[in-house]
Amino acid sequence: MSSHREAPEISKDPVADNTDVYAFVSPDKPDTVTLIANFIPFQNPYGGPNFYEFGDDVLYEIHISNSGTGRADISYQFRFHAEIRNKKTFLYNTGPISSISDQTWNRPQYYSVTRVEHGRSRILARNLAAPPVNVGIRSTPNYAKLAGQAIHTIGTHRKVFAGQRADGFFADLGSIFDLGTLRPFQMAHLIPSAAAMGVNGLQGSNVHTIALQVPITDLTRDGRKPAGVLDPKAVIGVYASASRRASKILDDVRGIPTWHGPYKQVSRLGNPLFNEVIVPMAEKDKWNSQAPYGDKRFAGYVTKPELAGLLPVLYPGVFPNLAAYKKSRADLAAILLTGIPKGVVPGFQNYTGPVQADLLRLNVAVPPAKSPNPLGLVAGDAAGFPNGRRVFDDVVTVELRAVAGLTIPLVDPSFKPDAASAAIKDGTSNTNSDYLTSFPYLGTPAGGYQSKPGTPAA
Amino acid sequence: MSDATRRGFLVFAGAGTAAAVGAVAVPKILGERPVAAAGGDELQAADLATAESFVVHVKDVKSGELAILVGDREVLLTDRELAARLAGVATA
């Protein structure tokens, strides 16, 4: 979750595993959009001596679809290469790293940024330095300052960062994966126990983040600021992907693998939890290899979601109205596959047309909220999920409530949601570093020395 | 790889016409004409001759569907006889 280890194949390839995607109008620079894609889930902060880094053999991309086709009209590509400064040591660093250019960092990594628009590529920057991971107080003192040196400006109005961050996603993984238990409501579970507080399963975990901040006009269909929220050109669709070369040959003479052929997509992510809880296990790997414009083939899993059928079974008597609802879930299809047309939520739309595609849709004409609500649009905050996604949005609760039927009345006023659909939650919040108020918005990663192992129990 | 297919492959490779990875007599794979790549550009015989290495993927032995992976390109072609010889089986 939200897309950590969500499919059988990608769970064995963490360097290419896209865990979360965020897209929002930057609260401190409202003429810009911030796009974030996270990779490499469940990083143990003290996982050395070969600490986490981006894959030199992976093509990372953040895509924008602004034409209503569900296809990528603009793609930002990120290609990495790591170096070894001192080939005679096993150490990640040979002394304190106070600057990202310090020679004591033995394994620096650099990257390029390429923008592809309608097939035409333009390299925006090369040899940008990623920061080291947060090793500990001796190796990476003042980590926040060190990471800040890895925020690069491209031109005058664009920023990019690629490196380790605290995982900002939060969910009670241990509970949810144990037969759909929500600890605050587990007294009503089929196998009941006393209600309890949620436990953030991502606590103490880091991820690797690619964050990009660009002017709104870089992303819209006509290169202009939209006239208003109801302007169809105000909506962009966002997804991220990771791709690997078609063939990897393990050569015992050369001692290193050789790669041949074009890049093939192995991971993608638009809306949180789509592949995780909508797509059946047998099709998850296939879904990861496909582009969003073909998602019509998965639409049946959205309009008749397995989870909506499980909730009344796992929580007997709690969701009678949901259990009795047999119509196609047009509310979920709108939220996840087409965007919400105008007229459904007064004064709002993020509709990209009839093409069904799992895209994180952002209406860039909605200004940042002065008092953001992590429950986003369902709580009246149109600047939040599912209008894009901010780092602090509680997407687990929002999607749980939507699947439980809270959003059905948007398209079917005759339906009366069960009382529980407005209350269910997993009971978690961010327990990692605080989110930042400025780019790249995700918090300082947990340090290896500073972090303590978890508490095993059987 | 079974003994039968290994034998077939070795005989085939020994004849100097092709190997799954490495230098090959290019015209035997591509023919004399360039082959259209998936991206629309054309793969010339020289593209393979100058490559340090490349991969030939027999996608379907029966139909002879092959993919040549060279650099960051993938070129599809159909050659039932070549696929069959690599697999060490007789063509129908």
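Q: Which residues of helix α4 (residues 80-87) of chain B are buried?
A: In this predicted model, B:Leu82, B:Ala83, B:Arg85, B:Leu86 and B:Ala87 are buried in that helix. A residue is called buried if 20 or more other C-beta atoms, placed from the backbone, lie within 10 Å of its own, exposed if 12 or fewer do, and partly exposed in between. Just after α4(B), B:Gly88 has a positive phi of about 75 degrees.

Q: How are the residues, chains and ligands numbered or lettered?
A: Residues are numbered from 1 along each chain as its sequence is written, while chains are lettered from A and ligands numbered from 1 in the order in which they are written. As the model is predicted, local features need pLDDT of at least 70 and side-chain atom pairs count only at pLDDT 80 or more, whereas totals for chains, interfaces and linings use all residues.

Q: Why is A:Tyr293 called partly exposed?
A: A:Tyr293 has 17 C-beta neighbours inside 10 Å and therefore counts as partly exposed. This residue sits in the loop between α4 (281-289) and α5 (299-303) of chain A. Leaving aside residues up to four places away in sequence, A:Tyr293 touches A:Thr69, A:Gly70, A:Arg71, A:Val355 and A:Ala357; contact requires C-beta atoms, placed from the backbone, within 7 Å.

Q: Why is A:Asn127 counted as exposed?
A: A:Asn127 has 8 C-beta neighbours inside 10 Å, so it counts as exposed. A:Asn127 belongs to strand β6 (residues 120-129) of chain A and, although not a glycine, has a positive phi of about 50 degrees.

Q: What makes A:Leu179 exposed?
A: A:Leu179 has 11 other C-beta atoms within 10 Å and is therefore exposed. A:Leu179 lies in the loop between α2 (173-176) and β9 of chain A, with a positive phi near 55 degrees in a residue other than glycine.

Q: How do you know that the radius of gyration of chain A agrees with a compact globule?
A: A compact globule of 458 residues would have a radius of gyration near 23 Å, and chain A has 22 Å, so the two agree. The radius is taken over C-alpha atoms, and the globule rule is 2.2 Å times the number of residues to the power 0.38. The C-alpha trace of chain A spans about 70 × 55 × 45 Å along its principal axes, and 49% of the 458 residues are buried.

Q: What makes a set of residues a nonpolar core?
A: The members are buried Ala, Val, Leu, Ile, Met, Phe, Trp, Tyr and Cys residues joined through C-beta atoms within 7 Å. The largest core has 110 residues, of which A:Val21, A:Ala23, A:Val33, A:Tyr60, A:Val238, A:Leu362 and A:Ala404 touch the most other members. Apart from this core lies another of 14 residues, including B:Val55, B:Ile68, B:Ala83 and B:Ala87.

Q: How many bridges join β4(B) to β5(B)?
A: There are 6 bridges between these antiparallel strands; two strands pair if DSSP finds at least two bridges, so β4(B) and β5(B) are paired. B:Ala67 stands opposite B:Leu76 in β5(B). The two strands form a hairpin with 2 residues between them, and B:Gly71 in the turn has a positive phi of about 60 degrees.

Q: How many residues of chain B are in contact with chain A?
A: 10 residues of chain B are in contact with 7 residues of chain A. β3 (55-60), β4 (65-70) and β5 (73-78) of chain B each give two or more residues to this side.

Key:
Two residues are in contact if their C-beta atoms, placed from the backbone, lie within 7 Å. Helices (H or I, at least four residues) and strands (E, at least two) are DSSP runs, numbered from the N terminus.
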